[in-house]
Amino acid sequence: MKGDQELQVIVQQAKEPIPTDQDEKSSVSGSQTKVSHSTYKRWLRMAVYTFFVISGQSVATILGRLYYDNGGNSKWLATVVQVVGFPILLPYYLLSVKTHTTTHRDGKITSLRNRALVYIVLGLLVVAACYLYSIGLLYLPVSTLSLICASQLAFTAFFSYLLNSQKLTPIILNSLFLLTISSTLLAFNSEESNSKKVTKEEYVKGFICTVGASAGFGLLLSLQQLAFRKVLKKQTFSEVMDLIIYMSLVASCVSVVGLFASSEWKTLSNEMENYKLGKVSYVMNLVWTAVTWQVFSIGGTGLIFELSSLFSNAISALGLPVVPILAVIIFHDKMNGLKVISMILAIWGFISYVYQQYLDEKNLKKSHGITTSETPDPPEAEGSSGQSKYADMSIDGVQQFTD
C-alpha cells in the first residue's frame, strides 16, 4: 500500500510542468514592464506636483502684490487668504487616501494632548511667518521679495542641523554661504516700489520681515520633521494631511482673530469700495490668492510623498527666477545689477543644495540595494520617501535577477 502511494506521488510530480528558461524570461519581462510603467506614472505625478508648486507660488505672490498695488492695505487680510483656503484640500485628501494606504502600524499611539500641542504650535508659527511675509510684500518689490525668500533653503538646512542632526557637508555650507550673500546684497538696494513711495525705514522693515518669514518657514519644515520623528512617530499620508489641515485650521482661526483685534476689518468695506479694479476684482483677487496658495500646498504635499520634504522645499525655490521675471513684465520692476548678481548667487546656491540632495539620494539607493540583497522581505514603507525607496529597490531586484 505504501509503495502504491509513493508511485502516485511520482506520477503526479511527473505530470507537473517543469519551468523552462523561456517561462523565467517572460516572468522577468513582465516584472520589468510593471516596474517601468509604475516609474513612468511616478515621474508624471512628480512633474504635475512640481508644476503645482511653481505655478501656485508664483501666481499667489503676483496676486498678493496686485492686492496692495490697487488699494489693498490690510496685512492681516493678506495673511488670512494665505491659510484660509485649506478646505480645498479635503477633496484631494479623500480621493488620494486610497492610493496612499499603508499597513504600517506603530505600537505607540500618540496622545491627543501631544497631537493637539503639535498642531497649535506649528499653526502659530505659520501665522507668524505668513504675517511677516505680508509685511514684506507690502513694502518690497516682488522681485526683491522673491530673491530674499530664497534664503529659506539656508534656514532649513541650518535648523535641520540643529533639530534633526542633518550633516553640514561642504556643498551644503557652500549653498548656505551663497544664499546668505544673495540676500545680504539686497539690503543695500535702495530701489523703490514703482507703484508706492517706500521710505528707507519701510524698506528695511520689509527686508527684516521677509528674512524673518523665510526663517519661520525654514523652522516650520524642520519642526515638522522633528514632530513626525519624536511625537507622531510615523509619516503616513493621512498623518501629513491631518497635520496640514489642522495646522491650517489653527492658523486660520488665529489670523481671523488678528484681523478683528487689529481693527483692520473696519476698513475692509471702504477698501473694497475704493479698489482701483472694482469690487468684483477685489473679491476675485482674494479668492484666487487663497486657491493658488492651496494649489501650492497640494504640490508640496505630493512631492513630500514622492521624494522628501527637503526636495519639496528645494522645488519651491526653483520658482525663484519665475517671480522676478513676471514682476518685471507685470509691475515693471527694475532688474538692476545688484539684483542680477543676487539672482545668480541664489541660483548657484540652489543648484548646490539640490546636488547635495542628489548625492544623498544616490547613497540611500546604494545602502538599500545592500539591504535588499540580505533581507528578502523589506519592511513596510514609511515616511515621505518610502515610495521612492521601494520603487528603486524593486528595480534593483529585477536587474540582479536578470544578471
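The points below take up helix packing and then the cavities.

1. The model is predicted, and the remarks that follow should be read with that in mind. Residue numbers count from 1 along each chain as its sequence is written.

2. Helix α3, which spans residues 75-83, packs against helix α5, residues 112-139, with the two axes 9 Å apart and at an angle of about 125°. Because angles over 145 degrees count as roughly antiparallel and those from 65 to 115 as roughly perpendicular, α3 and α5 are described as oblique to each other. The handedness of the crossing of α3 and α5 is right-handed.

3. On the α3 side, the contact with α5 involves K75, W76, A78, T79, Q82 and V83, and these meet V126, V127, C130, Y131, Y133, S134, I135 and L138 of α5. Sorted by class, the residues in this contact of α3 with α5 are 10 nonpolar, three polar and one charged.

4. Helix α3 also packs against helix α10, residues 237-261, at an angle of about 165° and with the axes 9 Å apart. That angle makes α3 roughly antiparallel to α10, and the crossing of α3 and α10 is left-handed. From α3 the contact draws on W76, L77, T79, V80 and V83, while α10 contributes S248, A251, S252, S255, V256, G258 and L259. The class count for the contact of α3 with α10 is seven nonpolar, five polar and no charged residues.

5. How many cavities of 30 Å³ or more does a search of the whole structure find? The search returns three, and the largest cavity has a volume of about 1100 Å³. Its lining is made up of 44 residues, among which Q152, F217, L220, W293 and F296 are the closest to the centre of the largest cavity.

6. Helix α9, residues 200-230, provides the largest share of the lining of the largest cavity, namely eight residues. By class, the lining of the largest cavity holds 24 nonpolar and 20 polar residues, with no charged residues, a point that a reader may wish to keep in view when inspecting the side chains there.

7. The second largest cavity holds about 100 Å³ of space and is lined by 14 residues, of which G64, A78, V81, L137 and T289 lie nearest its centre. Helices α2 (21-69), α3, α5 and α12 (279-306) each supply at least two residues of the lining of the second largest cavity, and the largest share, five residues, comes from α2. The lining of the second largest cavity divides into nine nonpolar, five polar and no charged residues.

Key
This is a predicted model: local features need pLDDT of at least 70, side-chain atom pairs count only at pLDDT 80 or more; totals for chains, interfaces and linings use all residues. Side-chain values use heavy atoms; hydrogens and water are left out. Axes are lines fitted to C-alpha atoms, for helices over the stretch in contact, and angles run from 0 to 180 degrees between N-to-C directions. Helices (H or I, at least four residues) and strands (E, at least two) are DSSP runs, numbered from the N terminus. Angles under 35 degrees count as roughly parallel, over 145 as roughly antiparallel, 65 to 115 as roughly perpendicular and the rest as oblique. A crossing is left-handed if the near helix is turned anticlockwise from the far one by less than a right angle, and right-handed if clockwise. Contact means heavy atoms within 4.5 Å. Ala, Val, Leu, Ile, Met, Phe, Trp, Tyr, Cys and Pro count as nonpolar, Asp, Glu, Lys and Arg as charged, and the others, Gly among them, as polar. On a 1 Å grid over the protein atoms alone, a cavity is a set of points where a 1.4 Å probe fits but cannot get out, and a pocket is an open set with protein on both sides within 12 Å along at least five of seven lines; lining residues have an atom within 4 Å of a point. Grid points are joined across faces, edges and corners, and a volume is the space filled by probe spheres set on the points.
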